[in-house]
Amino acid sequence: MSLKRFSKYTTYVPGEKLIVRLDPSTFAISDCERELELGNLMGWVENVSSHKMEYGSAIHNAAAEFVSTKCTVMQAVQVAMEYFRDCGCDPGKDWRNAGHLLMTTNGYLTKYINDPFQPATLELTDDEGKKFKHIAVELPFEIPFRSYPHVDIILCGVIDSYGTMDGVKCFKDIKSTASWDIPKFFEKYRTSIQLMIYAWAMRHLGWVDYYPPALIDGIFLRDNVNKTAKFERSGFIDFEDSQVDDTMDWVRDRCDRIATLLEEDAPFLKNPTRCEKLFGKCKFMNICWEHNETLRDVHMRRLKQVIYDPKTFGTPNNQK
Ligand code: SF4
């Protein structure tokens, strides 16, 4: 059978199986098959990244620098500022601008300057088989997950931090939000697919022999540069074995569906209930619903194709 039909997908190498990398956000956020095809499989992203997304990424980068290099708060804040400046996004009149980012990053890192959460030191192996020590922040993983005649699915992601708090091995995720209902915000993570996949991955990789609990570092943003955000850490979010196992069965089922669509060259269905997102409309709105080809082409010029990889996604050197 010819595999030529896969040629529109970024990870396709002619004559070989199609490699599909799916991260937990694929399952957690998008249940629109068409969005998954356009975004994850075809790799279409906006030419200019969203400043709201980059705002959160800048804080993540600063936090990772702070923990892994033991630099000062100001040095880590500088990392966030440089990242935000270089990302090429434009906040316009939105309050999530560089000044606001500086205040938030400084506040967050200062709060955890004597953090009771201690990141682990992992012994990892590089591509040449050499062992090296790595402070457990920004930990990427890639796990071969499902294999089909013409398609392989790799489950991948990046765990913000893995370590110990109050003697309990756990992992930590940083989330920024404009929500101010703190208990409600934390509560929704008790059923988070993303966190359960992380817990499963850590056990699968042999870092722990049980599904570890999660902690959420919540950054509750305020829409005013003169008012400081609130920083609260959740309690341990525990997952029952059966909860994780059932979730992973569901993830396997989703993978089977994706592979079936690919192998049968069947259409990925649109889901109109998912077009409105937390931060506005889906980025494929104009392409999905525009029937005039010329206009669709105009909208396509706002997008570029990059190869999906959790470690390099969005960087210029992996553009197709
Ligand atoms: S615009 Fe709607 S239907 Fe189209 S990909 Fe986005 S969420 Fe799916």
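What share of the contacts in the protein chain with a separation of 6 or more comes from residues 24 or more positions apart? Such pairs account for 67% of them, a contact being two C-beta atoms, placed from the backbone, within 7 Å. Keep in mind that this is a predicted model: local features need pLDDT of at least 70, side-chain atom pairs count only at pLDDT 80 or more, and totals for chains, interfaces and linings use all residues. Numbering runs from 1 along each chain as its sequence is written.

**Overall build**
- The protein chain has 10 helices and 13 strands, which are DSSP runs numbered from the N terminus (helices H or I, at least four residues; strands E, at least two).
- Its radius of gyration, taken over C-alpha atoms, is 20 Å, close to the 20 Å from the globule rule for 320 residues, so the chain is as compact as a globular protein of that length; the rule is 2.2 Å times the number of residues to the power 0.38.

**Around the ligand**
- The ligand is surrounded by 13 residues, with Cys32, Lys270, Cys275, Cys282 and Cys288 the closest; the cut-off is a C-beta atom, placed from the backbone, within 6 Å.
- Helices H2 (33-41) and H9 (285-289) each supply at least two shell residues, and H2 gives the most, with three.

**Helix H7**
- H7 covers residues 193-204 and reaches 16 Å from first C-alpha to last, close to the 16 Å expected at 1.5 Å a residue (1.5 Å times one less than the number of residues).
- Just after H7, Gly206 takes a positive phi of about 85 degrees.
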